[in-house]
Amino acid sequence: MKNLTAVELPEARIRLRARTGTAAVFPPAGEYGTRLFGAASPVDTGDPLDRARLAPPVFMPLRLEKLIDLGREPLHDDVDLRTGIGGFTSSLPVFLSAFGSTRAGSGDLAIAASRQAGRLGVPMVIGENMVPVHGYRRGGAVSPLLARIGAYLEQADDQLGGVVVQQSTEDADSEVWNLVYSDPATGPLLASGRLAFELKVGQGAKPGLGGMTVLPAAEAARLADRFAVSDVLDPDSRLRCASPGTFTAEIVRQQLRFMRNNFPKARIWVKFHPGRDIAEAVDAAWRAGADAVTVDGAEGGAGWAPLGFLDGVGLPLAECLRRIGQPTGCLLVTGRMWEGGRVVRALALGARAAGLGRAALLAVDEDPDAGLVRLVESLALECRLLISALGKYTPDALAPEDVWWPDTPPRWTSAPDDLPAVERTGGQP
């Protein structure tokens with residue numbers, strides 16, 4: 001039985017990919033020969049990154065280099081998507097985003113997503129507040145955090161991927177990183193260099209706020225000593241609020257220094273919300289030695305957030321990428337990722353990889369055994385097709401020149417001054 005909905009995403013298309021995999025990249029094969037295909041009317045989502053288009057050149061010197069290397073004409077299957085992500089080697093330029101301690105992200109679906117992420121060989125981030133809410137080792141029972149790590153390791157090899165454990169203010173009070181770092185269950189990750197800790201500064205769905213969940217009144221009373229609990233919902237429910245934490249550039253630098261000193265075998269990640277000073281924030285983190293910095297655009301989703309934040313707070317991911325410019329470290333991005341076009345545009349604008357969050361949960365809700373694998377396989381095929389069409393054969397060869405913005409007028413630098421105005425501007429008024 002399917003339990004999740006995501007009306008802000010193209011849910012039906014995501015679920016189709018979770019069922020049919022790479023076939024969903026193309027029109028229905030049964031319509032071949034009876035339907036003429038062409039560009040559809042654009043659907044304006046209001047998202048600049050969705051309005052942008054990939055713009056292949058006519059002349060492709062990198063394709064010529066690949067032809068010479070292969071001794072034949074290159075095809076899209078020759079695109080190598082293996083990517084370094086925050087100190088890990090990933091089979092693809094994608095990773096599994098943090099779900100946090102929400103109901104949707106803490107149960108069987110999260111376990112299924114963890115198992116499939118391990119099978120795919122992509123990194124997995126385990127979100128905040130898992131231990132303060134669910135405990136670490138409850139008697140002889142395995143906690144959700146350890147269950148997710150165990151499920152990932154069941155399917156992963158010792159070369160690809162990795163596990164990233166996020167920590168917020170309440171997690172620090174529970175000493176989550178200390179528990180994970182010293183636990184024998186994470187020994188294989190440490191031994192192979194595939195464990196990372198992520199400092200959570202913010203999230204795209206509600207910049208400036210901490211995590212929020214809805215709890216029954218009795219459960220809220222149990223957590224009242226660790227979280228702020230408010231009676232602002234219906235009579236039977238309580239709002240559980242986590243602290244967003246307080247950060248300055250110096251606090252981030254000191255925190256990362258602490259992480260490197262106390263957990264020398266772990267990689268160090270940082271996650272930021274889409275703040276107006278995002279360029280300054282990511283630069284501070286990279287200068288302090290972060291292996292990866294994740295920027296969660298305003299398009300990011302959540303298990304629970306105020307409607308006003310979802311619709312009107314935080315910078316779009318495209319604007320974050322514009323402000324950051326050429327990254328000086330590993331930049332990861334999240335926010336409404338589910339198909340190859342958006343991922344490739346983000347990579348061309350400086351990202352190293354893109355995180356799958358809500359789309360991943362929908363995929364495993366559709367098929368707990370292979371839904372995420374099929375979704376990612378379809379995304380990977382699109383990435384190969386698109387990168388090859390740009391005349392390139394690795395994600396790191398992508399560049400801003402590969403993206404065209406419809407809201408930006410063309411700039412002509414060599415047209416003679418005596419041309420008619422319409423010719424000088426390429427037909428633009």
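Student: In this predicted model, which residue is the bridge partner of T334 in β16?

Tutor: The partner of T334 in β16 is G355, and the chain reaches β16 from β15 by crossing through α16.

Student: What makes this β-α-β crossover right-handed?

Tutor: The term applies if, with the strands pointing away from the viewer, the path from the first strand over the helix to the second runs clockwise; the crossover from β15 through α16 to β16 is right-handed, so its path runs clockwise in that view.

Student: What makes both faces of β15 covered?

Tutor: L331 and V333 on one side are buried, as are L332 and T334 on the other, and buried stands for under 20% relative accessible area. In a regular strand the side chains alternate between the two faces of the sheet.

Student: Why are the buried residues of helix α15 (residues 317-324) said to lie on the same side?

Tutor: The buried residues are L317, A318, C320, L321 and I324; they lie on the same side of α15 because they cover an arc of only 160 degrees around the axis. Their cover includes α2 (48-51), α13 (278-287), β14 (292-296), β15 (331-334) and α16 (340-348), and just after α15, G325 takes a positive phi of about 70 degrees.

Terms used:
Residues are numbered from 1 along each chain as its sequence is written. This is a predicted model: local features need pLDDT of at least 70, side-chain atom pairs count only at pLDDT 80 or more; totals for chains, interfaces and linings use all residues. Side-chain values use heavy atoms; hydrogens and water are left out. Buried means under 20% relative accessible area, exposed over 50%, partly exposed in between (1.4 Å probe, protein chains only). Helices (H or I, at least four residues) and strands (E, at least two) are DSSP runs, numbered from the N terminus. The arc is that of the directions from the helix axis to the C-beta atoms. Contact means heavy atoms within 4.5 Å. Two strands pair if DSSP finds at least two bridges between them.
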